[in-house]
Amino acid sequence: MLSITSCAISESPAGAPSPTSGREGVSATVTPRPSAAEPTSNEKAVARAAGQMNAAASGANSPAEPGLLVAAESSKGALFVWETADDRFCHGVAFMPQMTTVACSSRPNSPPTEGKPRLVPLVRMMATGWNVVFGAEHETVESVTCNGRPLQVRDVGAMANGRRAIHAIEFPDLTVGKVSVQVRRGTRVVTEYLELEKFEKAGTQDLASCGPVNR
C-alpha cells in the first residue's frame, strides 16, 4: 500500500530568492513578536475606579502627590487612600457602575505622627472585603497573623512626608478582635497588636474573630 502526502507549494515571483535557497531541506519559521500582556480584570477595574475617584475627590479633597494609593482591589473596584495638599488623610471606595464614596479628615496631620514606634489604625470598613488599613511609624512591619495564621499584607505606600508606612490587610467578612503584628525596630523584632473592630452590643460571638475580642 502506498501512502501519499500532499504538499502545498508557494510560488515566488520571478527572480526572487526562495526562502530555502541554498539551504535545501531547511524550513523557514517566523517567530511572532511578543505582545504586551493584556490587563487583568482587576487592573482594568482599578483603572476605572481611579478615574471615578479622581472625579469625585475634587477641590480641597483632591489627591496631592503621589496621588491615589490602592489599599484594596477586586474585579469590581478599589479602595484608595491619599493625602490632600493641606496634609489631610482621605480614603474612598469606587465601584462600577458609578458608585463612589469619599471621606477626609477635617484637620491636617490627623492622626498626627509621633516620635516613638507605633501602629496607627486608619481605615476599617467593608469595601472589597473587610478591609483594615493601618500605618507604622519608626518601625517596619514584617508579618501579620490571625490566630497564628499568616495574612497577606499589602504595602500601600508612604504618607506624612515618609514618616508613616501604610499597609493593608483584608478578610472575606467582618472580623473582630486583634491581629498580631511582627515589627522590626532596629535589630529587635517585637509583637504589637492591631484592633480590627470592637462592638459594644451582644452577638459578637457569631462573627469571625482574631485573638481576644474586646467588647
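Here is a short tour of a predicted model, with stops at a sheet, a pocket and the disulfides.

**Stop 1: the sheet.** Select β5, β6, β10 and β9, which in that order make an open sheet of 4 strands with antiparallel pairing. Look at β5 (118-126) and β9 (154-159) next: these stand at the edges with a single partner strand each, so one side of each has no neighbour in the sheet. From one strand to the next, the twist averages 25°. Now zoom in on β9 and β10 (residues 164-171), an antiparallel pair joined by 5 bridges. To see one of the bridge pairs, pick Asp155 and its partner His167 in β10.

**Stop 2: the largest pocket.** Select its lining residues, among them Ala71, Glu73, Asn131, Leu151, Arg154 and Ile169. Colour the lining by class and you will find 6 nonpolar, 2 polar and 3 charged residues.

**Stop 3: the disulfides.** There are 2 disulfides to visit. Start with Cys90 and Cys104, whose sulfur atoms are 2.0 Å apart. Their link is right-handed, with 115° about the S-S bond. Cys90 lies in β3 (residues 89-95) and Cys104 in β4 (residues 99-104), so the pair ties together parts 14 residues apart in sequence. Buried or partly exposed? Cys90 is buried at 0% relative accessibility, while Cys104 is partly exposed at 27%.

Finish at Cys146 and Cys210, also a disulfide, but left-handed, with -95° about the S-S bond. This pair links distant parts of the chain, β7 (residues 140-146) and β13 (residues 208-210), 64 residues apart. Cys146 is buried at 6% relative accessible area, and Cys210 is buried at 0%.

How values were computed:
Residues numbered from 1 in each chain as written. Predicted model: local features only at pLDDT ≥ 70, side-chain atom pairs only at ≥ 80, totals over all residues. Heavy atoms only, no water. Pairing = 2+ DSSP bridges. Helix = DSSP H or I, 4+ residues; strand = E, 2+ residues; numbered from the N terminus. Axes fitted to C-alpha atoms, helices over the stretch in contact; angles between N-to-C directions. 1 Å grid on protein atoms, 1.4 Å probe; cavity = no way out; pocket = protein on both sides within 12 Å on 5 of 7 lines; lining within 4 Å. Nonpolar A, V, L, I, M, F, W, Y, C, P; charged D, E, K, R; others polar. Disulfide = S-S within 2.5 Å. Buried < 20%, exposed > 50% of the residue type's maximum accessible area, 1.4 Å probe, protein only.
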